Amino acid sequence: MRLGWAVALVAAVACLAVASGAFGAADADAPTRAFIEPVDGESRLWPYTSKRRSTDGKTLAINVLIRGDTSRARQVLTREAAVDWERANGAQPSGDASVPLPGMDDAEVETGPQGDLRVDAPAVHLTWAGSHGAVRYTYVDPARGRARWVAQDFQLHAGTYLGTRQHVRAFGAPSGAWTAIQVHAEWWDWFRLRHTVTSTRGSQELVEDDLADEPGVLVRGRNFSGYGSRGAGGITVVDLLALALPAVALGVGRGTDSISQRARELVRTGDDRFGDELRLAVGVGGLYLGVRLAGMALETVLPWIHPKLFAAVLYPVVALGVPAMAYRQGQAVGPLRAFGVTVAALLVAFAADFAVVGVGLPRPDLVQHRIGVALAAGLLATGASARAAGDPESRRRRIGAALVAVAALAWLVALVVPLFGL
């Protein structure tokens, strides 16, 4: 069982290592540099967003500037006759439209019974709903008036809150001369219980491509070199002409396969010799993936309920259900197999989850955390197996109990650490 103790140490270290940088810094003063002037002689803008009224809370860079007030900017992104992005205030749209999707010709678009826009095309089914998101701030220094931190004027999104989506935050100038946009792609992380941003440059390009051919809208290209999304080469500047018509905003979404159905078929057709291993793998991996798919499905079926209510119900399934499944099913498998199957199943489930929400290649610290989670669950299954196989007073049973205790601690650390800033 020396291997078990080594694995326990690795799991604990991997879980604890992600704790660095978990706590934010204290508030700082207002920005003193890095301002831009979206319109000459007008208000100056700090071209970033912040979690709080402080530069220490800086998050993402402003990447689109629309020269026009917030009302007209919102009309560009939310049509009046038909809706692509839906207003965050819950107003329900009506009407039909055709929406140009990349590589998707002749997509059929209609509004559903709740006013949500539904797009049906080969391998694509999208549902657009109202936006939910945390408050962000930016700093504005008016040409006349007092400089101050301002919150977003409106938010829009395309996609699902508990899956993946494109998210817009818009900040208006006090004079109404311009609207600063921060657009990004993000996905819901069940361990962090909040969204993780995956792209800003790609989202900026989507807005550029979508607005390029719209009547009444002139995309001037990128300005303010050195600002905006990383590697994007500046901030996209959009002019609204005098006779601007409501524009069609581009939405991006991804279809998902029925992973749970494939898992059930695998169990039914699997060799009886490996039935226990299959049940362990499907139990821990399928349960985690099931939470992701269930959250996205509930949000789609019940759009009038805030997605965080679904997250509150489903999170205990991840926090308690996955380790419980590893412990229960691990008892029927040998210790080494229990460890290997559990770790492999969870790593595959995490990779499939990243594919479902479109994360792409995850960050190294995120990979590190998921490996720690898988190791902790594997160690738990190993301890459960050793406890079940040993006599009541045997050394094997005592070692199994110790492994379970260490694994439970490692799992708890793996849950707590990302909640504080992974």
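**Helix packing and a loop glycine**

I find that H5 and H7 are roughly parallel to each other (angles under 35 degrees count as such). The axes of H5 (residues 275-301) and H7 cross at roughly 25 degrees and come within 8 Å; axes are lines fitted to C-alpha atoms over the stretch in contact, with angles from 0 to 180 degrees between N-to-C directions. Helices are DSSP runs of H or I with at least four residues, strands are E runs of at least two, and both are numbered from the N terminus.

The model is predicted: local features need pLDDT of at least 70 and side-chain atom pairs pLDDT 80 or more, while totals for chains, interfaces and linings use all residues. Numbering starts from 1 along each chain as its sequence is written, and side-chain values use heavy atoms, without hydrogens and water.

I then looked up H7 (residues 335-357) against H8 (residues 364-389): the angle is about 150 degrees and the axes are 8 Å apart. That makes H7 roughly antiparallel to H8 (over 145 degrees). The residues of this contact divide into 17 nonpolar, four polar and one charged. Nonpolar covers Ala, Val, Leu, Ile, Met, Phe, Trp, Tyr, Cys and Pro; charged covers Asp, Glu, Lys and Arg; the others, Gly among them, are polar.

Last, I checked Gly68, in the loop between strand E4 (64-67) and helix H2 (70-77). Gly68 is buried, at 9% relative accessible area (buried is under 20%, with a 1.4 Å probe and protein chains only). Leaving out residues up to four places away in sequence, Gly68 touches Gly176, Ala177, Trp178, Thr179 and Leu240 (heavy atoms within 4.5 Å).

Definitions and conventions:
Parallel < 35°, antiparallel > 145°, perpendicular 65-115°, else oblique. Buried < 20%, exposed > 50% of the residue type's maximum accessible area, 1.4 Å probe, protein only.
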